[in-house]
Amino acid sequence: MIELEDIEKTYTRPDAAPVHALAGVSLRIAGGEFVAIIGTSGSGKSTLMNIVGTLDQPTAGRYRFERTDVAGLDVAAQARFRNRHLGFVFQAFHLLPRASALENVELPLLYTRDEPPAGAGRRALEAVGLADRLHHKPTELSGGQQQRVAIARALVNEPELLLADEPTGNLDPGSADDILDLFEALNRDGRTIVLVTHDQRVAARARRVIRIDAGRVASDEVRDVARTAGREENR
Amino acid sequence: MNASHLLRDSLRSLGRHRLRSTSIMLGSLVGVAALTFVLDIGQGIRRKILLTVQQIFGDSSVVVVAGGMQLVDGPRPDAARLTIDDIAAAAAAVPAVVAWDPQQVQIASVRRAGNTATARVLGQSERAEKVWARTVSRGRFFDASDVQRRERVALVGETLVRDLFGGADPLGAEIMVDAVPFTVVGVLERFGTDLHGMDRDNEIVVPVSTLMRRLANVDTISVAKLLIADPAQNATAAAQIREALRSRHALLQGQPDDFTLLTPTEVRQLLGKMQRIVTLYLPLASVVVLLVAGLIAATLMAGAVNARVAEIGVRRAIGARPADIARQFVAESAFTMLGGGLLGILLGSAAAQLVARRLDLGAVLSLRVALIGLALALITGLLAGVVPALRAARLRPVDALR
């Protein structure tokens, strides 16, 4: 699904040495994977996430999504690409504070070319277990519930890839577990998930963990699927 | 993003930011209300002026006012020199004059039984009926012999019929004008109010000779109107009348007139200058108000962009193109100004209607004015939104989400 080849991101500053946030990253992520990208702060993991999400442009290298060179698209085409193929989940939720849960979830449908199927927003909220909170404002919801609304928003256009940047960073451990369970369930249904975190416990829920250090891939390991499956049986 | 999505999303966004929306709407409301008001009233006043000029001058005439220069206010030097004989001589000397009427005026208190009123008493000749084109609706106009014998006969306006007689038939009744008894022989046709807002139905017309001798005790008149046969001759006739009067008053060359000639053309020009204030400068002032409202809207929209950076980032992430973001902010600004403009039209129209009723301007509301107001509000809103919107559109998603 995703092919990254020698991706570099360099920030040039007028009065200091350039910073190489990414210094040649090559990766492949297949459809259906659940990948955690870990690293310390400043390692470049967020930059990598932004480039995969086309929120940022690489300085050099190639990025293909389903064989399409998305880094080379113009801004409008990239926006359409994000709308159709990607769903974003942020650490700070980034919900419109004065809009209801349903209005927040339906926001991506505004930018869809074709008329979206009726009730898509409602179904997305049902899928994250918030069927009874459609008309609540974010301020009337708990942190975990707000992040579920954000996940429903990410899912409303049925994207192939879900990108989550520290999705549990603002949550208490209980809510964090619920959110991770939700990600696992979504992954079981076939959705590809890429999650950025600095938290080993969160990364432990993914099936593949890529560690970024100083702008490079430091390790890339696929966990024992049997162990993950076993863990699921034990619950 | 299609148009109906844009509309719905913008309206929702306005609802979510009520304080800002209200402030922008308020500016637009005041500007458009002021514009609607002055344009509507201006049109009403223009119509009223034309109507009044027509009422005073008819198709073709010259009005002589005693005293020189100052038409509007200020002293009229030598105001007390114009006599009936002066006008008679001028009319005789100018063949184009077909009829003329002298007039003297006095404010008097009028009593009948227990009722008292203050009215304008006009002394006129029997020819006033034709020259001023104002006759009676009931009873009779006084005739030449009434004027000659200084009869104490009076024609009363409808306002006085109401105030003194309680609406009952006044014909044949006796009224006291200052201390002089008069017999009511006719009721004047309705006139309405004039340019100054004066009620021309609160008037009494009596023979000019009676007024001069028995009420005012003067030898002079204040105004005379001379009808001219043909509008094309008006200017020539006015010049001839002026010469005749100057020679009657023995004015030397270089001495100013001690009377003022008014012709319909001159009066229209003069009123046109005053009109410009109403129809040009006042609307301009309200357009300035609207511009200020636009500046306020632009500032508030710029603030809104700053306050909603994260929202812009999210929208970009979920598929908004830079153009969608720009359109959103332009639309929010335009819809808010338009909404304020709609309310402004209602307010301005209501105020115009109220004032028009008081000034007796007739119907003043116009669809064209309403559309101009709306269009200006919309354009101002669009322009006010452009700069903030472009700034919002240029934000890079990574920066906006940081």
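I began with one pair of side chains: Arg16(B) and Glu103(A) form a salt bridge, with 3.1 Å from N to O. A reminder to myself: this is a predicted model.

Next I asked how many salt bridges cross the interface of chain A and chain B. The rule finds three. I also looked up polar contacts, and the count between the two chains is eight residue pairs, both residues at pLDDT 80 or more.

Then I checked which element of chain A gives the largest share of the side that touches chain B. I found helix H2 of chain A, residues 75-85, which supplies five residues.

For the whole contact, I noted 22 residues from chain A and 24 residues from chain B. The area buried between them is about 2300 Å², and carbon and sulfur atoms give 61% of that.

I found Leu338(B) in helix H11 of chain B, which covers residues 322-359. Is Leu338(B) buried, partly exposed or exposed? I put Leu338(B) down as partly exposed because its relative accessibility is 22%, and buried would need under 20%.

I then looked at what surrounds this leucine. Setting aside neighbours within four places in sequence, Leu338(B) is in contact with Leu374(B) and Leu378(B). I also compared positions along the chain: Ser28(B) is 310 residues apart from Leu338(B), yet their C-alpha atoms are separated by 7.6 Å.

Key: Residues are numbered from 1 along each chain as its sequence is written. Chains are lettered from A and ligands numbered from 1 in the order in which they are written. This is a predicted model: local features need pLDDT of at least 70, side-chain atom pairs count only at pLDDT 80 or more; totals for chains, interfaces and linings use all residues. Side-chain values use heavy atoms; hydrogens and water are left out. Contact means heavy atoms within 4.5 Å. Buried area is the accessible area (1.4 Å probe) that two parts lose on being put together, summed over both. A salt bridge is a side-chain nitrogen of Lys or Arg within 4 Å of a carboxyl oxygen of Asp or Glu. A polar contact is a pair of N or O atoms within 3.5 Å; within protein, one must be able to donate a hydrogen and the other to accept it, and residues adjacent in sequence count only if both atoms are side-chain atoms. Helices (H or I, at least four residues) and strands (E, at least two) are DSSP runs, numbered from the N terminus. Buried means under 20% relative accessible area, exposed over 50%, partly exposed in between (1.4 Å probe, protein chains only).
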